[in-house]
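Open the structure in your viewer and keep the selection tool at hand. The tour goes from one selection to the next and says what is found at each stop.

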Amino acid sequence: MPLRLRPNDPTFYDLFTESANHLVDGARILAELLGSTAGSGLAASHQIAAQMKDAEHAADETTHSIIRRVNSTFVTPFDREDIYRLASDLDDVMDFMEEAVDTVHLFNLEKLPEEVAEQIEVLQRAAQLTAETMPRLRTMKDLAEYWIEINRLENTGDAVHRRIIAKLFSGEYDALTVMKLKTVVDLLEAAIDAFEHVANTVEQIAVKES
Amino acid sequence: MPLRLRPNDPTFYDLFTESANHLVDGARILAELLGSTAGSGLAASHQIAAQMKDAEHAADETTHSIIRRVNSTFVTPFDREDIYRLASDLDDVMDFMEEAVDTVHLFNLEKLPEEVAEQIEVLQRAAQLTAETMPRLRTMKDLAEYWIEINRLENTGDAVHRRIIAKLFSGEYDALTVMKLKTVVDLLEAAIDAFEHVANTVEQIAVKES
Amino acid sequence: MPLRLRPNDPTFYDLFTESANHLVDGARILAELLGSTAGSGLAASHQIAAQMKDAEHAADETTHSIIRRVNSTFVTPFDREDIYRLASDLDDVMDFMEEAVDTVHLFNLEKLPEEVAEQIEVLQRAAQLTAETMPRLRTMKDLAEYWIEINRLENTGDAVHRRIIAKLFSGEYDALTVMKLKTVVDLLEAAIDAFEHVANTVEQIAVKES
């Protein structure tokens, strides 16, 4: 593979955008899961877990492409370590979303607290916003509004998570069910937090490059 | 903002001391929470959660001041990455303490196992010691006694945590109560561990600079 | 202590091998624990927890030797940060194994799900393979087969872990017992994941040096 010497190799921006688009897919599959658990239940969750697995594999491919490119590129558009970190932060979001779906399937959960829909809506909006922002890394312009909005979404997610936890422990559910449901909603919360880590990394890159 | 060029800009030491002083406040608020849950219960925990939220916001402000100063300072007293890491380690302690208080409030816990007082005493001593140590980063002298004592406190905290966990699972509490209380004592243990991470970072800085 | 200037100071390889050999010991002690909990129970687990504590202390000593050597060596065989990270990754495996044994002892668990034997077998094979691989860091040859096999073992471990979790929540166990057993099997899973982190670090070092 020939070394790439142009200081602003465009493909890094393309690959980060591709990576964020996998998160848009993942969040959409999560929304379908919710439709599924509200309705026909288990069989659908099986199918959705398979779809999510595929989305996660596709995201892994993109992450590996980024890492291979860093290792075979002489001049990178920003610090190598920051590229690794951004790739890894994006990958973490997918891992949490995939684990959430997998857990629903593993525990044969047929119903989730209805507030989970609000967590997933936050994830869908964060994914969309992140995918729209990645191409702007090229010019480093208008990034502040992105990380401010992600912080706002994270606060919303946090408040929803607290409400769900309070509900889980309100006496409505038995202890084993609480443990199962808590595993799922904690993973969704972790996915939301992981979007904030992506935004923090973007902020640090922008500060360094400005 | 003018660039600061003096190699030993004093304000970093001041800011780290300020950051550690917020932890002294946080640990004191935790001690008040305990007074509260032993006695008048919920209403007080509501008030204390608000106080803790304020302390955490103040600590965040200090953390951001440190980061802004690193980014606008040409010559820093030690490696930029170590400054970020120390600031972030100090911030982590506050986050765990705040989450512990918030969890007590969220679960309307009116009583905690009495051994929790020992965890909070460890936190108060670690916070005090850390605040006294931060100004000594200027001379890098007499730091070893600090990290040795923090290690000792962490061992004490670990032993207390184990005793509380054994008690929680002894059959005295129902499963949901175990989950709630375990969340709180695990967060307090995480706060103690986070003080050890601060001490490890100080040790690594001292070794590098010596 | 005299500075070591030879670019390929052999002792780093020796020390990493020593560190990995402690993991072989740890995994063997885990296997004995299993023999113990299947049979004579608690008393034996007390003895095994003490053995594991010793193995962990020995591993800590090796980790500290590596760190001291990095700090007193002028030219290191690969990046200082990578040496720290590999030492720390190896140390993490031991910490998780030690905590698993300690938890069995703390909760007086007299019986573990029989599938735990499969987790421990994965740990024994990963430890053996890692110990055999460390000396090969000197030549950086034939490392790919190592990290491919560790990935395969991690996948096996993951599948076993999922089966155990499904069993724990199947209704066979009461909630408190589920919490206790889940703590143990999650720690064993974390130890397996930690072997994968070791392999990832080795892979990154190999890519950088090639």
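## Where the chains meet

Select chain B and chain A: together they bury about 910 Å², with 73% of that area on carbon and sulfur atoms. In chain B, the residues that lose the most area to chain A are B:Leu106, B:Leu176 and B:Met179, which make up 54% of what that side buries. Keep in mind that this is a predicted model.

Next, show the contacts. Eight residues of chain B touch nine residues of chain A. Which residue forms a salt bridge with A:Arg162? Select B:Asp102, whose closest atom pair with A:Arg162, N to O, is 2.0 Å apart. The count of salt bridges between chain B and chain A is one.

Now colour chain B by helix. Both α3 (80-106) and α6 (175-209) of chain B supply at least two residues of the side that touches chain A. The largest share, four residues, comes from α6(B). By type, that side of chain B has five nonpolar residues, one polar and two charged.

Hide chain B and select chain C with chain A. Nine residues of chain C are in contact with eight residues of chain A. These two chains bury about 910 Å² between them, 74% of it on carbon and sulfur atoms. Three residues, C:Arg162, C:Phe169 and C:Ala175, supply 57% of the area that chain C buries against chain A, more than any other three.

Select C:Arg162 again, this time with A:Asp102: the two form a salt bridge with the closest N and O atoms 2.0 Å apart. Between chain C and chain A the salt bridge count is one.

Which helices of chain C each supply at least two residues of the side that touches chain A? They are α5 (144-168) and α6 (175-209). With four residues, α6(C) gives the most to that side. The residues there divide into eight nonpolar, no polar and one charged.

## Salt bridges within a chain

Over all chains, the whole structure has 37 salt bridges. The next stops show some that lie within one chain.

Select A:Arg28 and A:Glu32, whose side chains meet in a salt bridge at 2.9 Å, N to O. Both are in helix α1 (residues 11-38) of chain A, and because they are four residues apart there, about one helical turn separates them. A:Arg28 is partly exposed at 37% relative accessibility, and A:Glu32 is partly exposed at 34%.

Move to A:Asp186 and A:Lys182, which meet in a salt bridge at 2.8 Å, N to O. This pair sits in helix α6 (residues 175-209) of chain A, four residues apart, so the separation is about one helical turn. A:Asp186 has a relative accessible area of 27% and is partly exposed; A:Lys182, at 23%, also counts as partly exposed.

Go to chain C and select C:Lys208 and C:Asp82. They form a salt bridge, with the closest N and O atoms 2.8 Å apart. C:Lys208 lies in helix α6 and C:Asp82 in helix α3 (residues 80-106) of chain C, so this pair ties together parts that are 126 residues apart in sequence. Is C:Asp82 buried or exposed? At 9% relative accessibility, C:Asp82 counts as buried.

For the last stop, return to chain A and select A:Glu121, A:Arg125, A:Glu149 and A:Arg152. These residues are linked in a network of salt bridges.

Conventions
Residues are numbered from 1 along each chain as its sequence is written. Chains are lettered from A and ligands numbered from 1 in the order in which they are written. This is a predicted model: local features need pLDDT of at least 70, side-chain atom pairs count only at pLDDT 80 or more; totals for chains, interfaces and linings use all residues. Side-chain values use heavy atoms; hydrogens and water are left out. Contact means heavy atoms within 4.5 Å. Buried area is the accessible area (1.4 Å probe) that two parts lose on being put together, summed over both. A salt bridge is a side-chain nitrogen of Lys or Arg within 4 Å of a carboxyl oxygen of Asp or Glu. Ala, Val, Leu, Ile, Met, Phe, Trp, Tyr, Cys and Pro count as nonpolar, Asp, Glu, Lys and Arg as charged, and the others, Gly among them, as polar. Buried means under 20% relative accessible area, exposed over 50%, partly exposed in between (1.4 Å probe, protein chains only).
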